[in-house]
Amino acid sequence: MLKKTLISISILSLLIFFSSGPAAAAEKVRIGVVIELTGAGASLGDYWTKGVKYATKEINDAGGILGRPVEYKIFDTQSKPPISVSAVKKALAWKPYALSGPIYSSSTLANMFLSQEAKTPQNVGSENWRISTKGSKYIWRTSTQQGFEIPKLLSFIMAEKKPKAIAMLHVNNDYGIGAKETTQKILKETYNTKLVAAMACEQKQADYSAEFSTLRRKKADALFVYLLEEEAAIVYRQVRKMGLKLVLFAPNSGISEDTLRLGKESAEGVYGMSGFEYNAPEPNCVRVSKWFKKQYKEWPDNEFMKGYNSVYLVKTGIEQTGGFDKAKYSQKMHNIFITPKVQKNICGGNLYYDDVGDLHAWDYLVQVKWDGTHAKPKIVAALPPLKGPDSSKKTKWYEK
Amino acid sequence: MANFIQLLIGGVSMGILYGVVAIGFVLLWQTSQTINFGQGELVMVPMFLMVALHIVLKIPFWPSFVLTLLGSGIMGYLFERLMIRKLLPGGVLVIVIATLGLSGFLRYGMQIAWTPQTLFFPHLFSTKPIELGDIIFSPEDIWNIVLISVIIIVLHLCIKRTKLGMAMQAVAQSRETAELMGINVRHIITLVFVLNSVLAGTAAVFAAPIFFVRYDIGIFLGVKAFVAAIIGGFNQIRGALVGGLTVGLAETFAAAYITTAYRDAFVMILLLVVLLIKPEGIVGIKEEAY
Amino acid sequence: MLEVKNLISGYGKSEVIRGISLEVKEGQIVTIIGPNGAGKTTFFRTVFGFLPARQGEILFENEDLTKYAPTVRVQKGIAMVPQGRNVFPFLTVLENLKLGAYTRYDQKTLQEGIDLAYGLFPVLKERKSQQAGTLSGGEQQMLVIARALMSRPKFLMLDEPSLGIAPFLIKEIFRTIKAINEEQKMTIFLVEQNAPVALRVAEWGYVMEGGQIHMSGSAQELLNDDRVKGAYLGKKD
Ligand SMILES: Nc1ncnc2c1ncn2[C@@H]1O[C@H](COP(=O)(O)OP(=O)(O)O)[C@@H](O)[C@H]1O
Ligand SMILES: [Mg+2]
């Protein structure tokens, strides 16, 4: 009898302890982190989550947002679009001020209508161009979308490398297919040429003999590797292994730390675009990367900076609004130019958000160099954004 | 022609890897009527073991390889003794559910205990391509094909020629008659689980430089091997190999001559066709024949 | 050599063998006859260990076997030819024979056993590289008997060797069984529905019905018994 009572009491006290939320929670700025915690994107999700965690700690140590501490809770999408939908539903049921994530474009495209309906800001890590065509006033990107990244990359490759036949490998999902469409459009409209081959690849694919036979047949001399991190690294290795002579170029995912850690010397010479890379010549990127390196003994992937910024964007919006009204937040965060003066800790220097939540920032054109132990992206040039106050600025060459 | 040979090598080097994992499936099915849905994880865990030994602890390749196989064998032993033996009387469905559970446990266990990241693994062989006319060989592909073939041939000879191998065949064909011969069926089943794990461990070492090492690689390899075993024939070791090669070649040729986007779909269509036309698999034997 | 005391066994809830006691003397051929469904196979499977004994003792050379697994019983010198032709269908005749000697795999005994098998059943030699599943029914039965002899048993149990086999082959098989008993000095325990054939080779017989022994006596006595004649020898002879 005594035992039973004791158990009941302890359960009751536990319940009270855990449900003591409401009163306190109203005082907190809740962020629902809807992210690839497991599944194919788990590695990226892990970096993102670490970014959220670090930013939260920094903000709370400095007194929170307008005096309220930030609190976040993680909801796993399992890297699958349908599950991301239920994850967002669960996150919204928790009554957050804003959402952070996901990274996968297919997931964002599937779940973004929910944040729009709930009028809750959602800062995503996705780059598919369609996201900004859906008319949501509650979606912001934390990186440059493929529609802006690809033209910048192509303009460099076409001008400096003058390839005769460009082929493309892309991942067989919204992210990769979106990139293929963008690339074809730009090549046709701007350069009056086209891809000699565009080949969809599966995740975890390790044998590229079919793709390579096509490359040889079409006499391709440049290959646009638009794959996820792991597959990009595998392709670099296979290209070297089969002795193919190609100019390799890739988006952010193809030169990110996660890719280069795996690709090692086979990534040597790959050209790519990078926004918030750990070695970007921008003080905040450098600062948070150094912290990461100290904490986790390795350099962070750019998803870390993106996750970090996803929290600082919320801080910026609330501070700009001067309160917690989400509709006003949405208004303030469009056509906004965020400079270090506006938000001193945010990564990436001057960030411009246009009227559809697209980010326009400086991107860095890099080439991978192998130093005998590490493959590192070396900055070749800084390319100005296509829109916003900085768009009139000139390309800065670091090395030519 | 050169192109064809090139594709052939690519397809075979993948297919033989699927085949080795599929052989384990078939061995288990034959001797103990178990379908192990944790088969892919039996490849994944040794991959991490290999990373731990060879990369983290910097033990040279061959000792690491031997230790990895040893570890795999122990894992197979424990798998059978602690789990399968208790569940076997419950029938196939219980085993399927239990092995599915185990596979999830190992996968997410590895993710949480070690890392969600993909880990690097170096090439085992020279990466300098060899050019032969129009054809370019990668030593890695050729070595993989040769070494795995040797392993399969040795395995085949062991099963055909040794006493234990004969006992394994006997158990596969009729448990009770095997017992009649004085064969300790339980020991043989344990042995087959150990053998299966060691095969999977071998596949792991060859697969690591190609796929890198990641906690969820097991799903991919497990599904491929399972499909290979069904296509080739679940009750024949030959079937597993034929199935593996069929899947590898079908993927590569479908990608080259149809479209890369549907390489997986093509394998699934092949699976359906085989199931409709010859449900026992390409070289499988109808179960009624037993 | 074998002494069974008060044996009870069965499947699930049903009790098939309901208190059987019998004895098989060394060097003899002893048979159990009885109608289909009497429990003869069940009894044999219990003696060999495929089914657990629920009660009673199975003494083999004065040692109780009930605690041993079938494999151990093989090592003690017992071999069984089960009902139906249990060859390994995808192995050759020779491989089947070799597996029979699994518990004694030295080359010399192996070769002796194979020679003996070929001597008893010459057709097996002709077919030695053929898959056992492709043999005729009679040939498979011969193979199974020969394979049982490969372990050099002291005690051979045969469950209905005549089942589904052509009459002229039945004679040959029983002639061989008698020969094995006489030349190898092997004790043979035989279960048969075909009572006349069994009683003609046996020295002692038991009649089993409904899981119990109803009658026992020398084979000669049983052959001449009116009840046995009526029930089991009636139609033929
Ligand atoms: N596997 C089994 N499960 C349940 N009952 C069985 C099984 N095998 C036999 N029986 C039953 O046991 C009884 C004896 O069968 P059996 O020993 O095969 O007789 P016999 O060999 O004398 O023809 C029969 O009633 C039969 O239906
Ligand atoms: Mg019977």
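Predicted model: local features only at pLDDT ≥ 70, side-chain atom pairs only at ≥ 80, totals over all residues.
Residues are numbered from 1 along each chain as its sequence is written, and chains are lettered from A and ligands numbered from 1 in the order in which they are written. Local features need pLDDT of at least 70, side-chain atom pairs count only at pLDDT 80 or more, and totals for chains, interfaces and linings use all residues; side-chain values use heavy atoms, with hydrogens and water left out.

**Stop 1: the two domains of chain A**

Select residues 27-144 and 281-360 of chain A for domain 1, then 147-274 and 363-397 for domain 2; these bounds come from an automatic or database domain assignment. The C-alpha centres of the two domains are 26 Å apart. In the contact (heavy atoms within 4.5 Å), domain 1 of chain A takes part with 28 residues and domain 2 of chain A with 26 residues.

About 2200 Å² is buried between these domains, 52% of it from carbon and sulfur atoms. Buried area is the accessible area (1.4 Å probe) that two parts lose on being put together, summed over both. Next, select E127(A), T144(A) and H360(A), which supply 24% of the area that domain 1 of chain A buries against domain 2 of chain A, more than any other three residues. Two salt bridges are counted between the domains, a salt bridge being a side-chain nitrogen of Lys or Arg within 4 Å of a carboxyl oxygen of Asp or Glu.

**Stop 2: chain A against chain B**

Display chains A and B together: 38 residues of chain A are in contact with 38 residues of chain B. The area buried between the two chains is about 3200 Å². K204(A), R237(A) and K241(A) supply 24% of the area that chain A buries against chain B, more than any other three residues.

There are five salt bridges between chain A and chain B. Select E211(A) and R263(B) to see a salt bridge with an N to O distance of 2.5 Å. Then select α9(A), which gives seven residues, the largest share of the side of chain A that touches chain B.

**Stop 3**

Technical notes: Helix = DSSP H or I, 4+ residues; strand = E, 2+ residues; numbered from the N terminus.
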